[in-house]
Amino acid sequence: MNSFEDMGLNPKIVGALDDLGFKKPFPIQERVIPILWSGSDVIGQSHTGSGKTAAFGLPILEIIDEKNPAVQALIVVPTRELAVQVAREINSYAKNTYKRALALYGGESIYAQLDAMRERPQIIVGTPGRLLDHIDRKSLKLDEVLCVILDEADRMLDMGFIEDVEQILRATSGAHQTALFSATIPQELLKLARRYMKNPREILIESIDLNVKEIEQHFLVTDTKKRIESLIRLLHSEKVGRAIVFCRTKRDTFWLNRMLHERGISSVAINGNLSQGQRDRAMEAFVKGRSRIMVATDLASRGLDIDGVTHIINFDVPDDPYSYFHRIGRTGRAGKKGIAITMVTPPQRANFERIQKVGGNVIKNAQIQREVPQHSVATRTSD
């Protein structure tokens with residue numbers, strides 16, 4: 001299929017996609033949109049960055065009735081950031097219509113959300129806990145819901161949200177279709193699917209190939225105590241437009257952010273210890289270019305779609321090979337090129353070799369072309 005227009009989408013939506021620069025459907029969109037639009041249940045296995053928000057968002061916009069002010073679609077996501085992103089993207093697709101999405105999540109005043117609900121959005125995107133709050137208050141009624149989407153379901157399983165998700169599914173009493181999207185499909189999710197889905201169609205997209213084909217991957221062997229020096233060299237030798245530097249712990253994000261500031265490098269830290277307001281301000285500074293470096297934990301490795309990220313730098317090698325691919329998937333998106341560099345210390349060599357094996361040994365040794373400017377560099381004695 002060559003275009004979204006060929007799929008039979010509403011011309012108003014096609015016009016919005018043209019404005020957004022969507023040229024042709026990604027593989028998951030080609031396969032999922034017709035199935036969801038037809039009313040079937042779907043299990044979609046696909047990596048973040050493969051285009052799945054449009055894969056479920058576009059058929060939702062076709063399914064719901066513009067003239068009906070009731071909530072007709074419910075999208076359940078694991079994090080506040082993803083709720084905001086998905087609602088924003090769907091609203092960008094729907095900008096030429098009267099269909100609207102609203103994000104509901106914890107960390108924001110529930111009273112502000114109650115005011116927003118009075119605008120009668122037909123699509124709700126929310127985190128499990130806050131959705132249950134609204135259901136209990138009867139401010140969110142799900143009796144006219146036509147479609148339920150569980151996005152990043154494996155992440156919700158990891159975060160202990162599955163019981164909340166089941167409670168939400170039980171509250172969605174009317175006839176509806178259900179779709180589940182996940183990077184991995186563990187047995188617990190298959191059990192959930194069997195309980196709440198009707199003969200789901202399975203759509204499996206090869207996540208690693210799809211997610212990293214536009215990413216040039218490198219590794220850099222360094223000493224634990226010299227990692228900060230190596231990172232400074234990288235930031236000066238590479239043509240970094242906007243970079244995310246991943247650390248293993250929250251404490252390390254604060255420490256590394258401070259070290260970068262001391263070297264005159266504009267950066268922000270984001271992790272789960274920050275309040276929602278602090279995270280929003282840090283994200284805004286990064287997205288709007290006031291800070292070109294984001295130092296983050298794996299909180300930022302999934303679900304966030306930030307334009308213009310040229311580099312991913314793994315200051316720590318992740319323990320799980322698939323976490324590596326989630327991290328580097330923040331660059332090289334939508335056909336654009338990206339660069340991922342992993343800093344490997346001797347204690348992390350075994351983890352890195354596992355990543356190389358999973359990725360087909362395509363990660364190349366990196367060379368640093370420029371010396372670090374001659375300023376004092378603080379080093380950390382323990383992790």
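Trainee: Is Arg227 buried or exposed, and what is its relative accessible area?

Mentor: Bear in mind throughout that this is a predicted model. A residue counts as buried when its relative accessible area is under 20%, and it is by this cut-off that Arg227 is to be judged. Arg227 is therefore buried, with a relative accessible area of 3%.

Trainee: How many salt bridges does the count come to, and which residues are linked in a network?

Mentor: The rule asks for a side-chain nitrogen of Lys or Arg within 4 Å of a carboxyl oxygen of Asp or Glu, and by this rule the count comes to 12 salt bridges. A network of such salt bridges links three residues, namely Lys52, Asp151 and Glu152.

Trainee: Which helices are tied together by the salt bridge between Arg279 and Glu81?

Mentor: The closest N and O atoms of Arg279 and Glu81 are 2.4 Å apart, and both residues are buried. Because the two residues lie in separate helices, the pair ties together parts that are 198 residues apart in sequence, with Arg279 in helix α13 (residues 276-287) and Glu81 in helix α4.

Trainee: In what order do the seven strands of the open sheet come?

Mentor: The pairing is parallel, and the edge strands, each of which pairs on one side only, are β3 (101-104) and β7 (201-204). From one strand to the next the twist averages 15 degrees. Read across the sheet, the order is β3-β4-β2-β5-β6-β1-β7.

Trainee: Within that sheet, which residue is the bridge partner of Leu74 in β4?

Mentor: Strand β2 (residues 73-76) pairs with strand β4 (residues 123-126) in the parallel sense, and four bridges join the two. Leu74 has its bridge partner in β4, and that partner is Ile124.

Trainee: Glu166 and Arg195 meet in a salt bridge as well; which of the two counts as partly exposed?

Mentor: Their N to O distance is 3.0 Å, and the pair links helix α8 (residues 162-171), which holds Glu166, to helix α9 (residues 187-196), which holds Arg195, across 29 residues. At 14% relative accessibility, Glu166 counts as buried. The partly exposed residue, at 48% relative accessibility, is Arg195.

Trainee: For the whole protein chain, what percentage of the residues count as buried?

Mentor: The chain contains 15 helices and 14 strands, and its accessible surface comes to about 17200 Å², of which 47% belongs to carbon and sulfur atoms. Among contacts with a separation of 6 or more, residues 24 or more positions apart account for 76%. Of the 383 residues, the share that counts as buried is 55%.

Terms used
Residues numbered from 1 in each chain as written. Predicted model: local features only at pLDDT ≥ 70, side-chain atom pairs only at ≥ 80, totals over all residues. Heavy atoms only, no water. Pairing = 2+ DSSP bridges. Axes fitted to C-alpha atoms, helices over the stretch in contact; angles between N-to-C directions. Buried < 20%, exposed > 50% of the residue type's maximum accessible area, 1.4 Å probe, protein only. Contact = heavy atoms within 4.5 Å. Areas by Shrake-Rupley, 256 points an atom, 1.4 Å probe, with all protein chains shown as cover.
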